[in-house]
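Please read them with the structure open.

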Amino acid sequence: MSKETHTKAAEHHENAAEAHRTAAEHHDKSDHETAHRHSTTAHEHSAEAHQHSTEAHRRSGEQRPAKK
């Protein structure tokens with residue numbers, strides 16, 4: 001199950017990066033309203049990525065054998 005969580009985190013990271021690139025393109029064109037919308041989307045994906053990464057890390061710790 002941890003792999004699925006890592007995969008979801010990676011997908012959100014990729015979506016956030018794409019939204020950031022799109023926002024930058026719109027800023028370059030002085031289309032700040034659209035850029036802001038894409039920046040907001042990027043932020044949302046980043047937050048989701050963080051949540052999934054945290055969950056994956058937590059689950060990874062549960063799967064490790066106890067140290068002797």
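1. Start with Glu33 and Arg37. Their side chains form a salt bridge, with the closest N and O atoms 4.0 Å apart. Keep in mind that this is a predicted model. Both residues lie in helix α2, four residues apart, about one turn of the helix. Glu33 is exposed, at 62% relative accessibility. Arg37 is partly exposed, at 48%.

2. Further along, Glu55 forms a salt bridge with Arg59. Here the closest N and O atoms are 2.8 Å apart. Glu55 is partly exposed, with a relative accessible area of 23%. The cut-off for buried is under 20%.

3. Glu55, Arg58 and Arg59 are linked in a network of salt bridges.

4. In helix α1, look at Glu18 and Arg21. Their side chains meet in a salt bridge, 3.0 Å from N to O. The two are three residues apart in α1, so about one helical turn separates them. Glu18 is partly exposed, at 43% relative accessible area. Arg21 is partly exposed too, at 47%.

5. How many salt bridges does the count come to? The count is four. As background, side chains of opposite charge can pair when their charged atoms come close.

6. Last, check Ser30. This residue sits in the loop between α1 (2–28) and α2 (32–63). Ser30 is exposed, with a relative accessible area of 55%.

Notes:
Residues are numbered from 1 along each chain as its sequence is written. This is a predicted model: local features need pLDDT of at least 70, side-chain atom pairs count only at pLDDT 80 or more; totals for chains, interfaces and linings use all residues. Side-chain values use heavy atoms; hydrogens and water are left out. Buried means under 20% relative accessible area, exposed over 50%, partly exposed in between (1.4 Å probe, protein chains only).
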